[in-house]
Each structure stands twice: as C-alpha cells, then as structure tokens.
Amino acid sequence: MRLAPASRTPSPRATETAHRTAPTPADSDLGQGLEQDPAPDLDQRPTGRRFAGVATMIGSGLSNQTGAAIGSQAFPVIGPIGVVAVRQYVAAIVLLAVGRPRLRSFTWWQWRPVMGLAVVFGTMNLSLYSAIDRIGLGLAVTLEFLGPLCIALAGSRRRVDACCALVAAAAVVTLMRPRPSADYPGMGLGLLAAVCWASYILLNRTVGRRVPGAQGSAAAAGISALMFLPVGIAVAVHQPPTVSAAAYAIIAGVLSSAVPYLADLFTLRRVPAQAFGLFMSVNPVLAALVGRVGLGQSLGWTEWISVGAIVVANALSILTRRG
C-alpha cells in the first residue's frame, strides 16, 4: 500500500483519489488532501505536462508493485514481518522529512486519531505482505483493494454503485470459492489488509481535519516505525538478515513508500483527481502482471476475470460520478 501524501482531505466528489481520502481506492492512500487547487481538465493542460503526469502515474504504480515483489525475495530469510519493519522505517524517514511534525504542540484530541492511524498503518502493511507470502502479489493486492472500494460505494445511493458493489462481491466469492488449492488464511490476511486500508482512509480524514498539513501522517508513520523497532531487533537477533535480504527489504521500502509518495505529489499537480483515481484502479492488474513476470506467479482465467471485474467496478463508479 502506498502512503498518503498529505493530511487535509479533499471531498469525496472532488477526489476519486488523491492514497487522498475521497472514498475510492485511488482515494485511499495517496493524496490525502494535497494543499492545492483542484486540477483542471486534461484537455486544458499542455500536452507535455499531461504526458509527464501520465508517465509518472505509470511509474508510481509499477514502483509500488515492484517494490512489494522485490521485498518478497527477503521473506525466506527475515519473513514478511522483517520486510514490513524495514518498510515502516523507510516510510517514517520520508514522511518525517516532508511533514516535519511539531509533536510538542499536539493535543490529546489530535494524538488519538494519530495513534490509531499508526496502528492501522503497521497492521495494514503486515497483513498485506503476509498475504503476498501465501497467495501471491496479484490476489493479495486485489483483495486489499476491496477496502477503499467498499468505502467508495458504501455511502452511495446510486443504482450504478449498487451494481458495482454486486459485481465486486461476485468477484470476491469467485476468488474465494472452495477448491483444493485455496489458501483461506492467506485470503483472510488479504481481507484484513482491506479492512485496514478502509480504516486508514477514515482515520486519515480525521487526522487531516485535526492536524495541519502532513504533520499528522508524518507523526503516525514515526510512531508506527517505533512500534516496529522491537520487531526489527528481534528479527535481526533470531533471523540474522543476509546482505541481500536487507537490501531487498530496503529497496522495497524505497520503491513502495518513498517513490510513490513523491511521484503522487508530482502527479496530483498535473492530472485531475478523477483521472488519478481511475488510474489507481488498475493497481490490481499491475500487481498481477508484476507477480507473473517478476515472481512467476501465474493466475488462472477465473482469477484474471475476477480481478478485472473488481477493477471495472471501481472504474465504472468513478467515471459515472459528477462534480
């Protein structure tokens, strides 16, 4: 999962993502409220800037999924928990450097959602990486994607959104159908990641209202890293990492945290929030492709159809929104 570039969240109708906080998958973790005016329509933008924005979105998505794939190479040595610990450290370094939170000025009213966000942030990444270890990158990311999709659809009364919800539900039932090779603990971890991502979106909204700028997200990332510090020490003592395993984990942190965060800041200034959210819908497909090419994790036709159905459900919900 990616980081949320800022704390102040745009309205659900203005952002179909911006990891944000408009109720959409794209709107979950990315641009939690960048301090900027809504982006104008693509046709009003110079071709060069538009191309740069699209290229950056593609690069960001591939970086995020490639980072997860590279991090999985360290699982045999330090396990998912070791990789996640390193990723939390990298995320903290990036967000603390950008957000520069004034912790001493925080009140208890501000600290409460920040602490909740820290817990959810760590749990989300740990459950996702544990799911990747068991069921593969493509299916894990697809299941996690259900969290923001459910938030996007939950408060809507439109018929099209009801249809999208039914399509997504049917896809999930298909993915989790009983069969000899089904790994239900792994799927459960993917669904836990989805719940955490949904909680992450909601908590980020609260943090964005109570804490100025990116200070809240930065503070949460820092606390989450501190929570994983004992974990990292324990892993290092009981499962001493090799140089290559440590390198894989660090690269995963950079590609899945630092690069997407900075890329999203660049992109959200060049493309409309709706276009950004629509592109984010493709992440499960990117994850499946990266898993296939980079890790040799192939999906059957049934799984591909289910992944595509979930992506289409989100894309349709975004494209049919007004305002």
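Mentor: Start with a cut-off: buried means under 20% relative accessible area, exposed means over 50%, and partly exposed lies in between. Keep in mind that this is a predicted model.

Trainee: Why is R177 called partly exposed?

Mentor: R177 has 27% relative accessibility. That value falls between 20% and 50%, so the label is partly exposed.

Trainee: What makes R177 and E303 a salt bridge?

Mentor: The limit is 4 Å from a side-chain nitrogen of Lys or Arg to a carboxyl oxygen of Asp or Glu. The closest N and O atoms of R177 and E303 are 3.5 Å apart, so the pair qualifies. R177 sits in the loop between α7 and α8, and E303 in helix α13, 126 residues apart.

Trainee: Is E303 buried or exposed?

Mentor: E303 has a relative accessible area of 10%. That is under 20%, so E303 is buried.

Trainee: What makes D183 and R134 a salt bridge?

Mentor: Their N to O distance is 3.2 Å. That is within 4 Å, so the label holds. D183 is buried at 18%, while R134 is partly exposed at 43%.

Trainee: Why is D161 called buried?

Mentor: Its relative accessible area is 2%, and the cut-off is under 20%, so D161 is buried. D161 forms a salt bridge with R158 at 2.8 Å, N to O.

Trainee: Where does pLDDT stay under 50?

Mentor: Over residues 6-45. Where pLDDT is low, predicted coordinates should not be read in detail.

Key
Residues are numbered from 1 along each chain as its sequence is written. This is a predicted model: local features need pLDDT of at least 70, side-chain atom pairs count only at pLDDT 80 or more; totals for chains, interfaces and linings use all residues. Side-chain values use heavy atoms; hydrogens and water are left out. pLDDT is the predictor's confidence in each residue, from 0 to 100. Contact means heavy atoms within 4.5 Å. Buried means under 20% relative accessible area, exposed over 50%, partly exposed in between (1.4 Å probe, protein chains only). Helices (H or I, at least four residues) and strands (E, at least two) are DSSP runs, numbered from the N terminus.
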